[in-house]
Amino acid sequence: MYRTVKATSGRQIFQPLHTLRAAEKELLPGYHPFEWQPALKSVPTSCHVGIIDGLSGWVASVDDSPADTVTRRFRYDVALVSALKDLEEDIMEGLRERGLEDIACTSGFSVMIKESCDGMGDVSEKHGGGPAVPEKAVRFSFTIMSVSIQAEGEDEATTIFREPKPNSEMSCKPLCLMFVDESDHETLTGVLGPVVAERNAMKHSRLILSVGGLSRSFRFHFRGTGYDEKMVREMEGLEASGSTYICTLCDSTRAEASHNMTLHSVTRSHDENLERYELWRTNPHSESAEELRDRVKGVSAKPFMETQPTLDALHCDIGNATEFYKIFQDEIGEVYHKANPSREQRRSWRAALDKQLRKKMKLKPVMRMNGNYARKLMTREAVEAVCELVRSEERQEALRELMGLYIQMKPVWRSTCPAKECPDQLCQYSFNSQRFAELLSTVFKYRYDGKITNYLHKTLAHVPEIVERDGSIGAWASEGNESGNKLFRRFRKMNARQSKTFELEDVL
């Protein structure tokens, strides 16, 4: 789908789907034969299924936009087969490298899948007269992270393929595209319902697929980690992110998290959220709304899709950079010895900060913090630029130390494999986060008395535990899906509805 052709001008242009030649059809799911043992529950056995209506299986609804324009997707198992066939050469190469003879290895393959899902605002077209569709879209995609094999008589599984670029849009395969607002919980869960059903069916079955000329059997393990906090809360039935229950990994409240910044462990899980929802629904102890809410720790909707309790590295960066940006403003305005500054004062500090960052760092002010701005803002140069506007030397030193600690901590949740790429920072992480928390609760107490932002809490409290459990946070982030969003926009702007025979496939 993402193969590009060079135009005569030498620029790259995207080809819309209907111009993919027959030779390229095999790039799309629905080309390769396979079977499941046992057969998947409530999923048809046919292999040659291409793009399907995402609402197939649902009764037609009466709504503002015609239902057949809302969503398109691949069937999950068909898409996985296509992705595995793409990796056929890598898998064979991996087997050869490890001397695992072809004949012996036909069963025991394990495939680890990262799932990502993200909403996009404003995907409207600037022209074109197709059907009326909502201006927001949601993309659900997956990445094959690794393939391993449990060889006969071996205790340990051997990894024969690991995705070298887990955060590239090239490894992130789109599964379902929907014109839905991610905040519209009912529609989102309705559209993703069949995907969840297929995913659950695949957990209890083995895929038989020909790879390297032999039929081999694969089991799939799904980990939903490419979600930002908003999406996790929606999928897991938690209250929205302004809730007093600040964390999607532990039961801490905002006040507790700001007093005890580093000592928390990951306790939440999908199954526990389901149990808590049942308590919320039935209220067996006949408690008042407040008591009940405290008992279920903010689970007040039915968890819809299992996500892995982790932290999204990209949004962690963005959330923390937003927080630092506000600290910089407060320090320029010397909020630490002022009570309740007015809006105008705040605005003038912000203008001074933006002007300084533009002059020294070439950073244009942004409406909403994005990944690139966050990366440039969280550097020693940026802190030096800000310190020029801060009068007190003591405060300058505190800002420098805060940023220094942050720069030490960041590689641990950003790198694909922290144990290899930054072992020293990994060892020092807990020590650094303790010191960071100490600075926040003393020098910057005016900002962190009884409150703390969600991602700052996760950065300080949960990173080492997640790295210990999963080996990495960065590799499981949502970046690949976010980069894919950019491609989606580009396809839609350039190719949608430009042929006379317009099809929804070209829009999505």
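Trainee: How many helices and strands does the secondary structure of the protein come to?

Mentor: Helices (H or I, at least four residues) and strands (E, at least two) are DSSP runs, numbered from the N terminus, and by that reading the protein has 19 helices and 11 strands. This is a predicted model, in which local features need pLDDT of at least 70 and side-chain atom pairs count only at pLDDT 80 or more, while totals for chains, interfaces and linings use all residues. Residues are numbered from 1 along each chain as its sequence is written, and side-chain values use heavy atoms, with hydrogens and water left out.

Trainee: What percentage of the residues in the protein is buried?

Mentor: A residue is buried under 20% relative accessible area, exposed over 50%, and partly exposed in between (1.4 Å probe, protein chains only); here buried residues account for 52% of the 508 residues.

Trainee: How many aromatic pairs does the structure hold, and which rings are linked into a cluster?

Mentor: Rings of Phe, Tyr and Trp (its six-membered ring) pair if their centres lie within 6.5 Å, and planes under 30 degrees apart count as stacked, over 60 as edge-to-face and the rest as tilted. The structure holds 10 such pairs. In one of them, the rings of tyrosine 76 and phenylalanine 222 have centres 5.5 Å apart and planes at 55°, so the pair is tilted. This pair links distant parts of the chain, since tyrosine 76 lies in helix H1 (residues 76–86) and phenylalanine 222 in strand E11 (residues 214–226), 146 residues apart; both tyrosine 76 and phenylalanine 222 are buried. Ring pairs also link Trp36, Tyr76, Phe140, Phe142, Phe220 and Phe222 into a cluster.

Trainee: Where does the charged end of arginine 223 sit?

Mentor: A charge sits over a ring if NZ of Lys or CZ of Arg is within 6 Å of the ring centre and within 35 degrees of the ring normal. The charged end of arginine 223 is over the ring of tryptophan 476, 4.2 Å from its centre, and that of lysine 458 is over the ring of tyrosine 455, 5.1 Å from its centre.

Trainee: How many disulfides does a search of the whole structure find?

Mentor: A disulfide is a covalent bond between the sulfur atoms of two cysteines, taken here as a pair of cysteine sulfur atoms within 2.5 Å. The search finds 0 disulfides. Cysteine 176 is in none, the nearest cysteine sulfur, that of cysteine 117, being 8.1 Å away, and cysteine 176 is buried, with a relative accessible area of 1%. Cysteine 247 is likewise in no disulfide, with the nearest cysteine sulfur, that of cysteine 250, 3.8 Å away, and cysteine 247 is buried at a relative accessible area of 0%.
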